[in-house]
Amino acid sequence: MEKISETYELPADDALDTSTVAQSVTHQLRRAHGQFTNRFLLHFSRLSLRPAEFSVLSLIAQNPGRKQSEIAAALGIQRANFVVLMNELESRHLTERRSAPNDRRSYAIHLTPAGESLLADARRAEADFEADCLERLGGTRARDQFLTLLRRLLG
């Protein structure tokens, strides 16, 4: 099925004035996020891995045995959403929850061997994706500046 935008184009003299949204940080971040997510999903499609899942697996691998609440907080994921995400990862046998040694009310999370294997594949996909992003940004220096600016927006 054709998209409407593919079947009808405005004449050049009747073009939309997009100058307001072109200068809007909010709009540009929203568009960038959408495009970034689509490109991420392309690179990671064979792994059936979404951005949040990749971040969680990476952080667990780097910090095995930490509490769910710590991982969720570090990634800025609300507790209820994180539980759902962990349930999905656990149902795929990628993670496991164990009772935290000093707090029976909390769970310590670990990757399973399947999770470690998937993460190794995901890191290769990430390297390709990062190379694509680096090229689009114009090199390492531009990437570093971009990350600095994003941290300022988040801080």
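Aspartate 121 is in contact with Arg46 and Leu47, leaving aside its neighbours within four places in sequence; contact means heavy atoms within 4.5 Å. Aspartate 121 is found in helix H7. Helices (H or I, at least four residues) and strands (E, at least two) are DSSP runs, numbered from the N terminus. The side chain of aspartate 121 also makes a polar contact of 2.3 Å with the side chain of arginine 124. A polar contact is a pair of N or O atoms within 3.5 Å; within protein, one must be able to donate a hydrogen and the other to accept it, and residues adjacent in sequence count only if both atoms are side-chain atoms.

This is a predicted model: local features need pLDDT of at least 70, side-chain atom pairs count only at pLDDT 80 or more, and totals for chains, interfaces and linings use all residues. Residues are numbered from 1 along each chain as its sequence is written, and side-chain values use heavy atoms, with hydrogens and water left out.

Buried means under 20%, exposed over 50%, and partly exposed in between (1.4 Å probe, protein chains only).

| Residue | Relative accessible area | Class |
|---|---|---|
| Histidine 110 | 16% | buried |
| Leucine 118 | 12% | buried |
| Aspartate 121 | 23% | partly exposed |
| Serine 48 | 52% | exposed |
| Histidine 93 | 56% | exposed |

Leucine 118 is also found in H7. Not counting residues up to four places away in sequence, leucine 118 touches Leu47, Leu49, Leu57, Arg92 and Leu94. Glutamine 28 is elsewhere: its C-alpha is 33 Å from that of leucine 118, and the two are 90 residues apart in sequence.

H7 also packs on another helix. Helix H4 (residues 51–62) and helix H7 (residues 113–137) meet at an angle of about 115 degrees, with their axes 11 Å apart. Axes are lines fitted to C-alpha atoms, for helices over the stretch in contact, and angles run from 0 to 180 degrees between N-to-C directions. H4 contributes Phe54, Leu57, Ser58 and Ala61 to the contact, and H7 contributes Leu118, Leu119, Ala122, Arg123 and Glu126. These residues divide into six nonpolar, one polar and two charged. Ala, Val, Leu, Ile, Met, Phe, Trp, Tyr, Cys and Pro count as nonpolar, Asp, Glu, Lys and Arg as charged, and the others, Gly among them, as polar.

The whole structure holds five aromatic pairs. Phenylalanine 40 and phenylalanine 54 form a tilted one, 6.3 Å centre to centre with 55 degrees between the planes. Rings of Phe, Tyr and Trp (its six-membered ring) pair if their centres lie within 6.5 Å; planes under 30 degrees apart count as stacked, over 60 as edge-to-face and the rest as tilted. Phenylalanine 40 and phenylalanine 54 are both buried. Ring pairs link Phe36, Phe40, Phe44, Phe54 and Phe129 into a cluster.

Histidine 110 is found in strand E2 (residues 103–111). Its side chain joins that of arginine 98 in a polar contact of 3.4 Å. Beyond four places in sequence, histidine 110 is in contact with residues including Ile60, Pro64 and Leu94.

Two backbone angles remain. Most residues other than glycine have a negative phi. Serine 48, not a glycine, has a positive phi of about 50 degrees and lies in the loop between H3 and H4. Histidine 93 has a positive phi near 60 degrees. Histidine 93 lies in the loop between helix H6 (79–91) and strand E1 (95–100).
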